[in-house]
Structures are given as C-alpha cells and as structure tokens.
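The structure is shown first.

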Amino acid sequence: LLLVVLTLWSAFTYSAEPKTEAELRNFVVQDCGSCHGLTFKGGLGPPLRPSDIEQLPVAAIEAIIREGVPGTAMPPWKALLTDDDMAWISRQLKSGALLEKTR
C-alpha cells in the first residue's frame with residue numbers, strides 16, 4: 001500500500017495547481033485506473049462506472065476524492081488536486097465521459 005501511494009504521489013506534481021483537461025484525463029485513467037480498473041469496472045477499489053455510482057451525488061464523490069476513505073487503499077488527493085479538479089473528475093465519472101476515452 002505504501003508503495004502504491006508513493007508511486008502515485010510522485011506521478012503528479014507536489015502542489016495542488018490546476019490541471020488541464022488532458023492532464024486530468026491522464027490522471028484518472030492512470031492513477032485512478034490503477035486501483036479502480038482501466039475501464040473503471042473495479043479492482044482493488046470499487047467500480048466507478050456511472051451505474052455503480054448513480055446513488056452518489058457529485059459532492060459526495062468530490063469528498064471521497066478530497067479526503068480518501070480511511071481503512072482502505074483510497075488516499076486523500078487534496079494535496080495534489082484543486083477543488084475544481086476534483087469537481088471536474090466527479091462530474092466526468094458521473095456522466096461516463098471518461099469511459100469513452102478508455103475504449
């Protein structure tokens with residue numbers, strides 16, 4: 001787990017500077033996909049397909065990204081992503097737009 005967190009940590013910049021959409025897409029596919037599956041069908045982490053997260057409001061997804069999930073491999077990303085970045089990722093996951101880029 002520590003190795004995964006350190007690898008992910010070093011894969012991105014060390015400050016929460018706004019990212020471009022291309023950088024965010026790459027982040028989600030590479031970093032999130034390493035645990036949630038490259039097509040978001042699940043793996044170490046739960047699936048993130050729209051049908052799997054439909055019961056979660058965007059704000060809840062943002063909070064999970066921001067704070068992580070204690071007792072799991074889901075780290076907090078607040079040190080690396082801005083609030084706008086986390087909101088964008090959450091909206092993209094809810095809409096399924098990122099799935100179209102992974103096919």
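## Basis and overall build

Helices here are DSSP runs of H or I with at least four residues, numbered from the N terminus. By that numbering, Pro 18 sits in the loop between α1 (2-11) and α2. The model is a predicted one.

The protein chain has six helices and zero strands. Read from the N terminus, its elements follow the order α-α-α-α-α-α. The chain has 103 residues, of which 36% count as buried. Among its contacts with a separation of 6 or more, 59% join residues 24 or more positions apart.

## Nonpolar core

The largest nonpolar core holds 18 residues, and those touching the most other members are Phe 27, Val 28, Ile 65, Leu 81, Ile 89 and Leu 93. At least two residues of this core come from each of α2, α4, α5 and α6 (97-102).

Helix α2 spans residues 21-36, and its buried residues are Leu 24, Phe 27, Val 28, Val 29, Asp 31, Cys 32, Gly 33, Cys 35 and His 36. Two of these, Phe 27 and Val 28, are also among the core residues that touch the most other members. After α2 comes Gly 37, with a positive phi near 90°.

Cys 32 lies in helix α2. Its relative accessibility is 15%, so Cys 32 counts as buried, the cut-off being under 20%. Apart from neighbours within four places in sequence, Cys 32 is in contact with Phe 27 and Gly 37. Cys 32 and Met 74 are 42 residues apart along the chain, and their C-alpha atoms are separated by 9.3 Å.

Phe 40 belongs to the loop between α2 and α3 (50-53). This residue is not a glycine, yet its phi is positive, at about 60°. Is Phe 40 buried or exposed? Phe 40 counts as buried because its relative accessibility is 1%.

## Packing of α4 against α5

Helix α4 covers residues 58-67 and helix α5 covers residues 83-95; they pack at an angle of about 125° with their axes 9 Å apart. The crossing of α4 past α5 is right-handed.

On the α4 side, the contact uses Val 58, Ile 61, Glu 62, Ile 65 and Arg 66. On the α5 side, these meet Asp 83, Met 86, Ala 87, Ile 89, Ser 90, Arg 91, Leu 93 and Lys 94. By class, the residues in this contact are seven nonpolar, one polar and five charged.

## Packing of α2 against α5

The axes of α2 and α5 cross at roughly 65° and come within 11 Å. α2 also passes α5 in a right-handed crossing. Glu 21, Leu 24, Arg 25, Phe 27 and Val 28 make the contact from α2, while Asp 85, Trp 88, Ile 89 and Leu 93 make it from α5. What classes of residue does the contact of α2 with α5 have? The contact has six nonpolar, no polar and three charged residues.

Ile 89 and Leu 93 take part in the contact with α2 and are listed in the contact with α4 as well.

## Two loop residues

Pro 18, in the loop between α1 and α2, has a relative accessibility of 66% and therefore counts as exposed, for which the cut-off is over 50%. With neighbours within four places in sequence left aside, Pro 18 is in contact with Thr 82 and Asp 85. Pro 18 and Leu 80 are 62 residues apart in sequence, and the C-alpha to C-alpha distance between them is 9.2 Å.

Lys 78 is placed in the loop between α4 and α5. At 44% relative accessibility it counts as partly exposed. Not counting residues up to four places away in sequence, Lys 78 touches Ala 16, Ile 65, Arg 66, Glu 67 and Met 86. Between Lys 78 and Gly 68, ten residues apart in sequence, the C-alpha to C-alpha distance is 8.8 Å.

Note on methods:
Residues numbered from 1 in each chain as written. Predicted model: local features only at pLDDT ≥ 70, side-chain atom pairs only at ≥ 80, totals over all residues. Heavy atoms only, no water. Buried < 20%, exposed > 50% of the residue type's maximum accessible area, 1.4 Å probe, protein only. Axes fitted to C-alpha atoms, helices over the stretch in contact; angles between N-to-C directions. Left-handed = near helix turned anticlockwise from the far one by under 90°. Contact = heavy atoms within 4.5 Å. Nonpolar A, V, L, I, M, F, W, Y, C, P; charged D, E, K, R; others polar. Core = buried A, V, L, I, M, F, W, Y, C linked by side-chain atoms within 4.5 Å.
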